[in-house]
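Subject: Structure handover

Hi,

Here is the structure I promised to pass on. My notes follow below it.

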Number of protein chains: 2
Amino acid sequence: MSLLVTGSIGIDTVVTPLGKSENCIGGSAVYFSMAASFFSPVRFVGVVGDDCPFDLAKVFAGRNVDLAGLEVRHGSKTFRWQGSYQGDMSQAITDGLELNVLAERPPIVPEQFRDSEFVFLANTHPSLQMQLLEQLAAPKFIVADTMNCWIENQADELKKLLGKIDVLILNEGEARMLTKNDNLAFAAAELRKAGPKIVIIKKGADGSIVLDSNNEFFMLPAFPTKLVKDPTGAGDAFAGAFMGYLASVEKTDAKYLRTAVAYGTVTASLVIEGFSMSSIAAVGKTVIDERFAQLRKMTEF
Amino acid sequence: MSLLVTGSIGIDTVVTPLGKSENCIGGSAVYFSMAASFFSPVRFVGVVGDDCPFDLAKVFAGRNVDLAGLEVRHGSKTFRWQGSYQGDMSQAITDGLELNVLAERPPIVPEQFRDSEFVFLANTHPSLQMQLLEQLAAPKFIVADTMNCWIENQADELKKLLGKIDVLILNEGEARMLTKNDNLAFAAAELRKAGPKIVIIKKGADGSIVLDSNNEFFMLPAFPTKLVKDPTGAGDAFAGAFMGYLASVEKTDAKYLRTAVAYGTVTASLVIEGFSMSSIAAVGKTVIDERFAQLRKMTEF
């Protein structure tokens, strides 16, 4: 089925205990599309300014990513993020943020994308997520991400969005903040009551916890990688592989959902082994499938 | 096979966001034995002072726990611990500690226990753990726990102990402290190089990560319980069910190890649902087996 993503394209500068990567390509829609494209064609919707140093056609060369929804907005500037990680690298520290085009009007979904069935609304202002959604004819499976600043400042808008989506993907800190509860099993149940049929809480190196459409839990550990260079984009790559897989099988019930979460998990484990896109761009689908098989073997009992 | 535990018996006072439990029974050997006794007979070795308000024969009434190794030391005082938990309750805060008998000579292993094959050395001074071990004729499978204060202050003694044991069980904070590395996959590999054939790192609500005797990883999420009242004893109950199961099947290879970790996980999940021993003492083996089946179902993909 057709898979559409809308999200950010960024110029990232990242410092981790293992090095620094300056003015490299980043952004939720970019990480998502890279990961999803291993599984399914991707329809890309996003905006950059005319200062953008990256040629996305080259970034996605040889991959099935349709850039018809990429807008280069003249007179605007590209989104920039400066971040760092310390210790176990479980938390990104934002050292600098220039929203630039992300603070302007949302991009237009091209006519030929409006029939998209699987939709990922990457993290942005919840009312922009809603505006993007309204441009689609009849989406069948809507997944959204969010983050702490919208939870704190746009709670009402976010609540409306939760009533419109099928899956909410968020990290453990966000889940605790949204529900004001530290117990993630409890938080997942509370979030599910707020609208989404499925809730996925990402815990970084501790894996993820899913409450599915049958109100049943699925938990999956992270793939145990010993070399974490740069966690940036892991969450969006998780979402990308997750949705890319589901769009490829055209199924969303519990059994397929679990496989999708496992594909998300191993694809994210590849992203964090290199700075920016370097490691995920260097592997083929075979490597993802090998890790999938290893993860299954490492969790069976 | 015969299973012996040596560890503490404590008078605990615990405060959590859900309540307070004063002067209740605690201690590593007590939680361990309670959990292990669902699976296998237990040989108990430990010391209390003559001020001990608990009758352990009553605590373990109807359970297969042989108290021949329980010493009531006249003129000494029982170990006491005061602790509290906040937020997600992942860390115990020690508010008061009276080592009392634990700071004295170790207990004597009774003659009839000296042929024990499976041995759990609960957390105490590593040289005491060594002295207890030396009293045994030919232990076949030795599991030890440790904690931050010994890692900081008794590193050399602890190193010697690591060379003598089959399994090291410790929590994630301790693993990071011992290896000076935040990555748990890396830490597990480093710890395994230090001696034990198997390393089990407990992560509380995030489950556990195991590096087995084939140098292969096994990861298992925690059982998602929504009602955590008091995490005290979860780690020792984990170890108890883990070893009780292995002693019952008389096997320790990877397949059985995984089942044992899963039994440890679900038994710990029952302990934390009540203060002190209240919840674990109230259930039968059927409840443990049900959770085991549920956990398998919640982690399969």
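Let me start with a single residue. Lys197(A) is partly exposed: 16 other C-beta atoms lie within 10 Å. That count falls between the two cut-offs, because a residue is buried at 20 or more such neighbours and exposed at 12 or fewer. Bear in mind that this is a predicted model.

Where is Lys197(A) found? It lies in the loop between α7 (184-193) and β11 (198-202) of chain A. Neighbours within four places in sequence aside, Lys197(A) is in contact with Asp166(A) and Ser213(A). Asp166(A) is 31 residues away along the chain, yet the two C-alpha atoms are separated by 5.2 Å.

**Two backbone angles to check**

Two loop residues of chain A come next. Phi of Met89(A) is near 60 degrees, which is positive, and the residue is not a glycine. Met89(A) sits in the loop between β6 (79-84) and β7 (93-98) of chain A. Is Met89(A) buried or exposed? Met89(A) is buried, with 22 other C-beta atoms within 10 Å.

Ser276(A) also has a positive phi, about 50 degrees, although it is not a glycine. Its loop runs between α9 (254-271) and α10 (278-282) of chain A. Ser276(A) counts as buried, with 22 C-beta neighbours inside 10 Å.

**The nine-stranded sheet**

Now chain B. Nine strands form an open sheet in the order β5-β4-β1-β8-β9-β10-β11-β12-β13 (chain B), and the pairing is mixed. Which strands are at the edges? They are β5 (65-73) and β13 (217-220) of chain B, each of which pairs on one side only. On average, neighbouring strands of this sheet are turned by 15 degrees against each other, direction ignored.

Ile209(B) stands opposite Met219(B) in β13(B). Helix α7 (residues 184-193) of chain B packs on the sheet. It touches β10 (167-171), β11 (198-202), β12 and β13 of chain B. The direction of α7(B) makes about 145 degrees with that of β11(B).

**Helix α3(B)**

Helix α3 covers residues 126-134 of chain B. Its residues Pro126(B), Leu128(B), Gln129(B) and Leu132(B) are buried. Seen down the axis of α3(B), the buried residues fall within an arc of 155 degrees, so they line one face of the helix. What do they pack against? Two of the partners are strands of the nine-stranded sheet named above, β1 (3-6) and β8 (118-121) of chain B. The others are β9 (141-145), α4 (148-153) and α5 (155-162) of chain B.

**The four-stranded sheet**

Chain B also has an open sheet of four strands, ordered β3-β2-β6-β7 (chain B), with mixed pairing. Its edge strands are β3 (19-26) and β7 (93-98) of chain B, and each pairs on one side only. The twist averages 15 degrees from one strand to the next.

Strand β2 (residues 10-16) of chain B pairs on both sides, with a sense for each. With β6 (residues 79-84) of chain B, it runs parallel, joined by six bridges. Val14(B) stands opposite Gly83(B) in β6(B). With β3(B), the pairing of β2(B) is antiparallel, over six bridges. Here the bridge partner of Ile11(B) is Ile25(B) in β3(B). A hairpin of two residues joins β2(B) to β3(B).

**How the chains meet**

How many residues does the contact take from each chain? It takes 28 residues from chain B and 28 residues from chain A. On the side of chain B that touches chain A, α7, β13, α9 (254-271) and α11 (285-299) of chain B each supply at least two residues. By class, that side has 15 nonpolar, six polar and seven charged residues.

How are the copies related?

Best wishes

Methods:
Residues numbered from 1 in each chain as written. Chains lettered and ligands numbered in written order. Predicted model: local features only at pLDDT ≥ 70, side-chain atom pairs only at ≥ 80, totals over all residues. Arc of directions from axis to C-beta. Contact = placed C-beta atoms within 7 Å. Pairing = 2+ DSSP bridges. Axes fitted to C-alpha atoms, helices over the stretch in contact; angles between N-to-C directions. Nonpolar A, V, L, I, M, F, W, Y, C, P; charged D, E, K, R; others polar.
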